[in-house]
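Let's take a look at a protein chain together. Have the sequence and the 3D view ready.

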Amino acid sequence: MSTYDPVKIGIVSISDRASSGVYEDKGLPALQDWLGRALRNPISFEPRLIPDEQAVISQTLIELVDAGCALVLTTGGTGPARRDVTPEATLAVAHKEMPGFGEQMRQIGLAFVPTAILSRQVAVVRDRTLIINLPGQPKSIAETLEGLKDADGRPRVHGIFAAVPYCIDLIGGPYLETHEAVCPAFRPKSALRPPRA
């Protein structure tokens, strides 16, 4: 039996075309793969593939929070195009906005492309759930969560996931533990649990 806290995570891919079967969704497999590699905790996923409809997105987020997800990650719909409404739908269900996540996501993106300033990702807290909008491309999802490392493997730009476990501690969720090689979690000393044998 695992000694790590079990965690339920909502993963939501938002795309008109993928949700209608025009092309294969790559967002959900990318999120599931990265989280499976990053977390030591036993994870139960709640996957959703939905269109770019603001009311549907908001309703899906509320349902995942009500279902007991400690973390909900969305992918897609964060640009300036007319159908990109994920940030609006996310802010509509927020109890608290967490602007540092969006600021850091754009910093990471700017290390790769100047168009990262067009991304509008947000993060919010609803009840005891952290909801984060991620970019749409699988490669960008991993870069955003992990950050950038230099040639020696030291962080050059911190990924956002380093702050996720402590944020979830603060809002009353399970104690998330990561694989250091993928993404070290940062907590103040006072918030650390004793190391496991």
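Here is a short tour, from the whole chain to a few side chains.

## Ground rules

This is a predicted model, in which local features need pLDDT of at least 70 and side-chain atom pairs count only at pLDDT 80 or more, while totals for chains, interfaces and linings use all residues. Residues are numbered from 1 along each chain as its sequence is written, and side-chain values use heavy atoms, with hydrogens and water left out.

## The whole chain

You'll find seven helices and eight strands here. These are DSSP runs numbered from the N terminus: helices are H or I with at least four residues, strands are E with at least two.

How does the radius of gyration fit a compact globule? For 197 residues, such a globule would have a value near 16 Å, and the chain has 16 Å, so the two agree. The radius is taken over C-alpha atoms, and the globule rule is 2.2 Å times the number of residues to the power 0.38.

Of the 197 residues, 46% count as buried, meaning under 20% relative accessible area with a 1.4 Å probe, protein chains only.

## Rings that meet

The chain has one aromatic pair: ring centres of Phe, Tyr or Trp (its six-membered ring) must lie within 6.5 Å, with planes under 30 degrees apart called stacked, over 60 edge-to-face and the rest tilted. The centres of W34 and F161 are 5.1 Å apart and their planes sit at 70°, so this pair is edge-to-face.

W34 belongs to helix α2 (residues 27-38), while F161 is in the loop between β8 (155-158) and α7 (164-170), 127 residues apart. Both W34 and F161 are buried.

Conventions: Buried < 20%, exposed > 50% of the residue type's maximum accessible area, 1.4 Å probe, protein only.
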